[in-house]
Amino acid sequence: MLIIDSPSHDAYFNIALEEYLLYQYPTEDIFLLYVNAPSIIVGKFQNTLAEINLDYVKEQHIKVVRRMSGGGAVYHDLGNLNFSFHTLLGKNDFMDFSQFTSPVVKLLNELNVPAKLEGRNDLLIEGKKFSGNAKLAKNGKMIQHGTILFNSDMSVLGDALKINPLKYVDKAIKSNRSRVTNLIDYLPAEMTTEDLKSLLIDEIAKSDEQSIFYTLTDQDLVGVEELIKTKYQTWDWNFGFSPNYNFKNAKKIPAGFIEVHLDVEKGIIKKAKIFGDFFASAPIEELESLLIDTKHEIKAIKDVLLKQDLTTYFGKVTTEEIIELFE
């Protein structure tokens, strides 16, 4: 087994690294560890905008990245340790999460932490979740990865994943918000994320005498950077890949009440309807038609709206008041 300790805290890099290793090392068993700076990692089949607090995420400069596997959205920061096992498909039962969570449970039990696997894929302490796990099968391999809340900022976690459920109607997989806890509450206060990482690496190395430590080469780094550029930092992957959904938002402004309804397919606005008690000198259908085939992304919508005299559609309004209706 190759043991890899990622050299980066960049969520784009680490999520791209998982895919890079999947294709570049198709026959190797791999144990990967990484720590991300503040970021939200959404499941492959989720509607990104319906999982995050977009305003907060922008204000706090939190990266949003879609991963290859299904499951729910999770918050990462420097107090969060992430692990990823890569093995040949068919070597292990795909639906069994216990094999690759057992090293974590064993290590914590030895540290007198009453951790255990409960349900299908969660690790809990006293009924509170500290680790969620997900899986995927691709290219003849299986990847099981999980996140460990060690000393994560729970206030940011709560705010970043707090969304308005009335804005989005879709059939995408929704995240299950569980009661969560940090491991640091059960471990010596002086312990760090790096300490936990070292202990987990030692645990894996002890369990597999054939394991070797692997350092990413310059060629590996170039390959990962190419994946970042073409996929993992793109709007098309992180937002546009979302399942179809209906969006609605309403706001009372000095010019009147305005309500926006959008039908969005793969991140692109396919239908737009605007209602309200405002007074307009130009038909609102003109503006609705201009929004068709625009990305449901504030920058793209802003580019459309800035080219229009919005007072002809809504009366005395500011561009910012109208833009906020699309967030």
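Residues are numbered from 1 along each chain as its sequence is written. Because the model is predicted, local features need pLDDT of at least 70 and side-chain atom pairs count only at pLDDT 80 or more, while totals for chains, interfaces and linings use all residues; side-chain values use heavy atoms, without hydrogens and water.

**Exercise 1.** Determine how many helices and strands the chain has, and what share of its residues is buried.

Solution. Begin with the DSSP runs, numbered from the N terminus, where a helix (H or I) has at least four residues and a strand (E) at least two; the chain has 11 helices and 15 strands. Then turn to burial, which means under 20% relative accessible area with a 1.4 Å probe, counting protein chains only: of the 327 residues, 53% are buried.

**Exercise 2.** Locate Asn14, and decide whether Asn14 is buried or exposed.

Solution. Asn14 lies in helix H1, which spans residues 11-24. Its relative accessible area is 0%, so Asn14 is buried. Beyond its neighbours within four places in sequence, Asn14 has contacts with Ser6, Ser8, His9, Tyr34, Val35 and Asn36, where contact means heavy atoms within 4.5 Å.

**Exercise 3.** Work out the strand order of the open sheet of 3 strands, and find which residue stands opposite Ile40.

Solution. The order is E4-E3-E5, with mixed pairing, and two strands pair if DSSP finds at least two bridges between them. The edge strands, each pairing on one side only, are E4 (63-66) and E5 (74-76). Strand E3 (residues 39-42) pairs with E5 in the antiparallel sense over 3 bridges, and Ile40 stands opposite Tyr75 in E5.

Methods:
Buried means under 20% relative accessible area, exposed over 50%, partly exposed in between (1.4 Å probe, protein chains only).
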